[in-house]
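I have opened a new page in my notebook for this structure.

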Amino acid sequence: MSLNSLLGNLAVVFSMGTSLIGIILFFLARRLESNDLLAWGRRMVYANFWLYLFAIVVMLLALLTNDFSVSYVAHVGSRDIPRWVSAVSLWSSLEGSILLWGFVLASYGAASLFGLRKTASNLIPWAGIAVLFVQLFFALLLALPANPFLPVLPAPLDGPGPNPLLQNHWLMTIHPPALYLGYIGMTIPFAFAIAALMERDASALWIRLCKRPTLFAWSFLSIAIVLGGWWSYEVLGWGGYWAWDPVENASFMPWLSATAMIHAFMIQERRNSLSLWNLVLAVITFLLTIIGTFLTRSGILESVHSFSESHIGPYFLIFIAALLTISILLLMWRTPTGKTLRSTVEKLFSLDVMLLINNLLLITLCFIVFLGTFYPLIVELLRGQRVSIGEPYFDQMSIPIFLALILLLLVSMIVPRNKHASNKVMLWRLLSTSPRHASGFIAHVGFLIMAVAVAVSHIYDREDELTFTKGEWKTFGGYELKLQDIVSFETPQRYEVRAQMNIRKQGKDLGTLIPQLNFYPNSREPIGSPAVRSSFVEDFYLSPIQFGDDGKQASLRVMVNPAVIWIWIGAGLVFGGGLMATAFYRRKEER
Amino acid sequence: MKKIFVLLLIVVPVIVLFLYGLGRDPRILPSALIQKPAPTFSLLTLDGKTMTLEELKGKPIVLNFWSTWCGPCLDEHRVIMSARTQFPDVQFLAVLYEDTPENARAFLKKFGVGSTVLIDEHLKTAIDYGVAGVPETYFIDAHGIIADKHAGVLTPRILEEKLSWLERAVDTEVVPDLPHPNPPLTKGREKKMTGPAGSVADIQSRMEYLGSMLRCPVCRGVPIADSPSEMAKQMMGQIREFVQSGKSDEEILSYFVARYGEWVLLKPKPRQHLLVWILPFLFLIGGGGILYFKLRKERT
């Protein structure tokens with residue numbers, strides 16, 4: 001066994017040990033009310049972080065130095081690829097992704113407990129146990145079915161290189177880690193919800209303890225989903241960014257429930273009510289991230305996202321069953337009964353009621369996406385019949401809810417915050433008050449911009465298929481375009497045919513766009529790469545269909561997609577607003 | 001006791017569903033045409049002769065869809081070559097899929113002749129048989145009924161199994177009395193016109209609508225109107241022909257459903273799938289009801 005394999009495996013096995021010991025220490029710390037034991041439990045969480053950091057560094061070095069005696073490097077590495085691609089191929093395949101998962105989870109755990117090191121609360125040991133329990137599951141995956149550090153003997157001289165999609169576009173290199181930051185962070189609210197249940201604590205304490213990591217994770221989940229859509233738009237060439245594919249839905253469902261959760265947090269913090277509902281939301285959100293991972297990685301549903309076959313499905317299934325059972329049992333048997341200050345709703349036209357309706361709408365939407373995603377599987381199980389549910393269904397069901405959400409948001413902007421400051425409405429507060437209030441405003445404006453841009457780009461898009469002969473000018477949607485030339489290039493991985501298109505608008509030269517077809521060996525149908533010219537008004541989108549054999553003709557799908565850039569800008573605002581809210585959130589005792 | 005029941009009520013269905021999902025391959029689609037009359041065809045061979053299903057009836061047919069660019073098709077080609085001598089009474093046909101006759105001739109020259117190769121312009125026959133990719137093989141009995149379908153490479157064992165079964169079916173000489181749910185669209189059926197089929201804009205908008213309702217059998221993620229695959233393009237071409245010849249939207253959709261199964265519809269039919277349309281409303285109304293009563297209780 002090579003040194004790298006040995007070190008990596010040792011780190012994983014040690015992390016199992018620290019997790020187990022940590023769980024025991026936390027349990028005893030709570031039982032014996034011992035601060036020393038609690039401090040030692042916390043150290044086990046920190047030890048986990050260092051162990052995973054070490055494992056990640058070992059893997060990165062193995063990737064960068066082409067150590068093909070490590071199974072993951074032999075699987076995704078190559079001597080021919082740039083070094084930065086070697087580094088990011090850490091998340092190009094299953095085993096590396098699970099390793100990254102373990103690292104991110106360990107970081108979240110360590111950061112959350114470090115942030116609370118001066119806080120004394122009975123919730124902390126329970127939350128520590130929950131985090132370490134999840135950590136243990138991922139260590140088990142890393143040790144058995146998804147071990148990236150298996151020794152390969154004899155070591156191959158070269159590897160096949162990572163999934164080519166990873167090298168295609170910079171968006172694909174940042175989409176997976178952003179998604180992990182979002183997904184995995186939802187473990188923290190889950191852990192504190194479990195803690196609140198164990199303590200039967202109905203107060204908003206657990207929310208205050210986990211709110212910062214939750215907001216942070218929510219921001220990354222939001223931006224990761226949009227980055228995935230943006231990548232699809234820039235690379236896949238069908239001119240769209242969202243197809244209601246099961247894998248897309250898998251990321252959207254936890255986002256919906258997490259969004260409901262951060263809004264419902266506000267109600268509990270303001271009124272000290274809704275305690276059970278928030279616990280349910282935290283559990284659902286975490287379960288949806290695990291189910292989403294199961295769905296994408298086990299291939300139980302048909303999807304355009306072809307992940308490699310893996311054997312982790314049964315492990316996830318057992319984990320899901322365990323989590324579901326534990327959560328439901330706790331929710332039923334340890335329902336919080338502590339004193340809650342029930343402040344009643346004075347008026348129906350109030351922010352609290354708006355937030356409640358917001359939750360109803362978001363959870364209904366989450367239910368629709370869940371139903372639509374799994375309905376084909378249910379029908380197949382019960383009737384043995386294959387059916388599909390796609391865009392037309394989801395569009396029809398979700399658009400009214402989105403419209404209702406937008407309307408609600410607009411109304412809530414002019415609703416008085418509370419009875420004492422009835423003249424202060426959200427719009428005006430932005431100008432006068434703290435960055436914490438501004439952050440919410442920014443995120444919501446970002447959401448509105450996105451919503452309008454999605455609607456406009458759907459309603460006013462224009463599309464046609466045009467065939468060009470070399471030198472010929474054609475017009476579409478106010479643009480003039482000419483096929484300047486067709487040139488081919490040979491690269492080690494593929495053969496590229498590029499159409500150089502000159503673009504003009506109202507006589508003004510807009511430069512050259514180069515849609516291209518990529519021919520891979522062993523694949524007859526070429527894979528097209530579109531070319532997009534974005535402006536603040538509209539995108540001009542060229543997607544190749546077919547190039548003539550003589551090199552003088554090109555058939556292109558020509559699209560004018562208005563306002564698309566505003567989707568990405570809006571998402572940036574949502575992301576920025578979320579991060580700002582994370583940074584400026586202060587717990588009561590900190591204020 | 002009640003709590004245990006609630007627990008089981010939630011956990012068991014979820015696990016059963018996922019377990020079922022794990023135990024199957026979602027990419028395998030059962031053909032909607034099994035035990036149905038094989039769609040008729042009239043195709044040219046490489047020598048320029050016309051072959052129709054009608055004149056082939058009387059002996060079982062192995063109808064294979066293949067191409068020279070599909071690697072596994074070569075293995076399959078060899079399997080069929082040796083099966084030809086083993087089963088002299090079976091007619092082996094190979095429909096060329098997204099490929100040129102020149103490629104096919106070169107292929108046969110290099111590897112030897114197996115099935116009789118047929119040229120399928122615009123994938124019309126492939127679409128008519130609900131083909132999603134190559135290789136796919138249909139087993140048609142002597143009466144022109146599709147007995148079975150195999151997606152993927154044929155191994156000698158699979159081929160032998162299906163063929164001995166087919167030959168036995170001939171011996172019994174029972175003419176199956178089957179319903180005819182998908183008569184050829186070109187004749188017999190009453191045509192429903194929806195608006196003037198002539199106007200270009202109307203044809204375009206109907207094509208867009210129909211294309212957005214059908215799932216691409218090749219890439220499977222997007223509707224055929226958005227799919228860049230050759231198959232989707234040819235399906236759009238087929239839709240254009242249907243629209244121009246005055247078929248109604250429903251007729252066109254049911255043409256594809258008869259070939260690819262309900263799977264091809266991106267929006268399930270409300271009549272058979274009421275739940276998926278109604279449950280969200282019940283959820284919303286139920287949730288709204290709970291919210292309303294809670295709020296009312298709190299206020300009093």
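**Domains and overall form of chain A**

I began with domains, whose bounds come from an automatic or database domain assignment. For chain A that assignment gives domain 1 (1–168), domain 2 (225–336 + 345–460 + 569–591) and domain 3 (463–562). I then looked up the centres of domain 1 of chain A and domain 3 of chain A, taken over C-alpha atoms, and found 44 Å between them.

A note to myself on the ground rules: this is a predicted model, where local features need pLDDT of at least 70 and side-chain atom pairs count only at pLDDT 80 or more, while totals for chains, interfaces and linings use all residues. Residues are numbered from 1 along each chain as its sequence is written, chains are lettered from A and ligands numbered from 1 in the order in which they are written, and side-chain values use heavy atoms, with hydrogens and water left out.

Next I looked up the secondary structure, using DSSP runs numbered from the N terminus: helices (H or I) have at least four residues and strands (E) at least two. Chain A comes to 18 helices and 10 strands.

Along the principal axes, its C-alpha atoms fill a box of roughly 80 × 70 × 55 Å.

For burial I used relative accessible area: buried is under 20%, exposed is over 50%, and partly exposed is in between (1.4 Å probe, protein chains only). Of the 591 residues in chain A, 59% are buried.

**Cysteines**

How many disulfides are there over all chains? With a disulfide taken as a pair of cysteine sulfur atoms within 2.5 Å, I count 1 over all chains. The disulfide joins B:Cys70 to B:Cys73, with 2.1 Å from S to S. I noted its hand too: the link of B:Cys70 and B:Cys73 is right-handed, with 95 degrees about the S-S bond. B:Cys70 is buried at 8% relative accessible area, and B:Cys73 is buried at 2%.

A:Cys366 is buried, with 7% relative accessible area. I also looked up B:Cys216, which counts as buried at 0%.

**Salt bridges**

My rule here is a side-chain nitrogen of Lys or Arg within 4 Å of a carboxyl oxygen of Asp or Glu. The count over all chains is 20 salt bridges.

I looked at B:Lys162 and B:Asp148, whose closest N and O atoms are 3.3 Å apart. B:Lys162 lies in helix H6 (residues 156–172) of chain B and B:Asp148 in strand S7 (residues 146–151) of chain B, so the pair ties together parts that are 14 residues apart in sequence. B:Lys162 counts as buried at 17%, whereas B:Asp148 is partly exposed at 24%.

B:Asp249 forms a salt bridge with B:Arg206, and their closest N and O atoms are 2.8 Å apart. With B:Asp249 in helix H9 (residues 249–260) of chain B and B:Arg206 in helix H7 (residues 200–213) of chain B, this pair ties together parts that are 43 residues apart in sequence. B:Asp249 is partly exposed at 22%, and B:Arg206 is buried at 8%.

B:Glu262 pairs with B:Lys269, with 3.8 Å between the closest N and O atoms. B:Glu262 is buried at 14%, while B:Lys269 is partly exposed at 34%. In chain A, salt bridges that share partners join A:Arg30, A:Glu33 and A:Glu199 into one network.

**A nonpolar patch**My last entry is on patches, made of residues with over 30% relative accessible area and no salt bridge: like charges are joined within 9 Å, and nonpolar side chains (Val, Leu, Ile, Met, Phe, Trp, Tyr) within 5 Å. A:Trp333, A:Leu381, A:Leu382, B:Ile4, B:Leu8, B:Val12 and B:Val16 form a nonpolar patch on the surface, with about 620 Å² of accessible area together (Shrake-Rupley method, 1.4 Å probe). Helix H14 (351–383) of chain A and helix H1 (2–22) of chain B each give two or more residues to the patch. H1(B) has the largest share, 4 residues. B:Ile4 lies in helix H1 of chain B and is partly exposed at 35%.
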